[in-house]
Amino acid sequence: MRIPFLDLGAAYRELKPEIDAAVSRVLESGWYILGPEVEAFEAEWASYCEARHAVGLGNGLDALILALRALNIGAGDEVIVPSNTYIATWLAISAVGAAPVPVEPDPATYNIDPARIADAITDKTRAILPVHLYGQPADLDPILELARKHNLRVVEDAAQAHGARYKGKRIGGHGDVVCWSFYPGKNLGALGDGGAITTNDSALAGRIALLRNYGSREKYVNEEPGVNSRLDPIQAAVLRAKLPYLDEWTNRRRALVEAYAEGLRGTDLILPHVPGWADPVWHLYVVRSKARDALQSQLSDAGIGTLIHYPIPPHMQKAYADAGCNSEDFPLAQSLADEMLSLPIGPQLSAESAQEVIKGVRDGG
């Protein structure tokens, strides 16, 4: 593609001296599991997220799973989850033996609709798991109010929301625990898999730190059945090198969004809607089109890369065939899967390339 959807190599090249130095620092240290590099990143990430604690983990899915485990959510429990999300959000619930209970999104923001959550709560509900999808915060206040009313936990999936703010406060400590992914394509991405949680609950942070390391605080002393899900020190060092640039990169994304909003105004596309209380970080710029497949083909022919997030909603995946759902059960999630298209966006995308994307969309309009 002449204009790729996302150029990860360009992100590395921009910070090559800093990243190379960070990797060399770890290699020369001889400390390759946990240790001071991970601890330093945890402190820096917690501070950035305006949270008291961060715990580095192997990946974003493990962050969700261990958060649920640490809250003692398991077999026989239900967790309310968006119908419109990446399947990892559902898989984490299934992994602890609980049942995902999907709720349709707000048709304007595509995040879980708080007004629909109350009807999904049963005597088996233990938690609500909102997703800050595409980098835009979910509407947390009504979700937290419902959780307090029904004595539920709130576990946030912030895998796409690094640096986003809800009503002026960074995502990172609103709910009981916030789960992060540092997959390479994220706004703050490692050079491989990585994840973390942030929380203001010291006991919860301690339990997740225990679970990630075989259930052990002291070598050969295992307090409970844990797992091996530790953030790699090399990845922690890379993330530390990138973190000081995250806000600048977010501002570049915002400039691209302004160009898209201006250049695509008046087309048949439904453009993203941002509520007044949201300060998104634009992990994705997702438009909606009744002729999505034709538009994607047209842009591909013009050398412009796009992606579909996500072509098959979780309830229609083979992994959840036993749930017995069909496409009519969650019509909004299905229509989004049929109509959404993500345009190129990233801090290394030039303003000129954004204008070419706009022209590519308009040339077929």
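**Close-up 1. Contacts of Gly189 in the predicted model.** Gly189 touches Phe182, Tyr183, Pro184, Leu239 and Lys242, leaving aside residues up to four places away in sequence. The structure shown is a predicted model. Gly189 belongs to the loop that runs between strand 8 (177-181) and strand 9 (195-199). With a relative accessibility of 1%, Gly189 is classed as buried, because burial requires a relative accessible area under 20%. In sequence, Gly189 and Asp338 are separated by 149 residues, and their C-alpha atoms lie 28 Å apart in space.

**Close-up 2. Surroundings of His309.** His309 is located in the loop between helix 11 (292-301) and helix 12 (331-339). This residue, His309, has a relative accessible area of 11% and is therefore buried. Beyond residues up to four places away in sequence, His309 touches Phe5, Tyr134, Leu284, Met340 and Ser342. The side chains of His309 and Ser342 are also joined by a polar contact of 2.8 Å.

Close-up 3. Three strands form an open sheet in the order 7-6-12, and their pairing is antiparallel. Strand 6 (residues 165-166) and strand 12 run antiparallel and are joined by two bridges. Tyr166 is positioned opposite Ala278 of strand 12. In general, the strands of a sheet pair through backbone hydrogen bonds, in either a parallel or an antiparallel manner.

Definitions and conventions:
Residues are numbered from 1 along each chain as its sequence is written. This is a predicted model: local features need pLDDT of at least 70, side-chain atom pairs count only at pLDDT 80 or more; totals for chains, interfaces and linings use all residues. Side-chain values use heavy atoms; hydrogens and water are left out. Helices (H or I, at least four residues) and strands (E, at least two) are DSSP runs, numbered from the N terminus. Buried means under 20% relative accessible area, exposed over 50%, partly exposed in between (1.4 Å probe, protein chains only). A polar contact is a pair of N or O atoms within 3.5 Å; within protein, one must be able to donate a hydrogen and the other to accept it, and residues adjacent in sequence count only if both atoms are side-chain atoms. Contact means heavy atoms within 4.5 Å. Two strands pair if DSSP finds at least two bridges between them.
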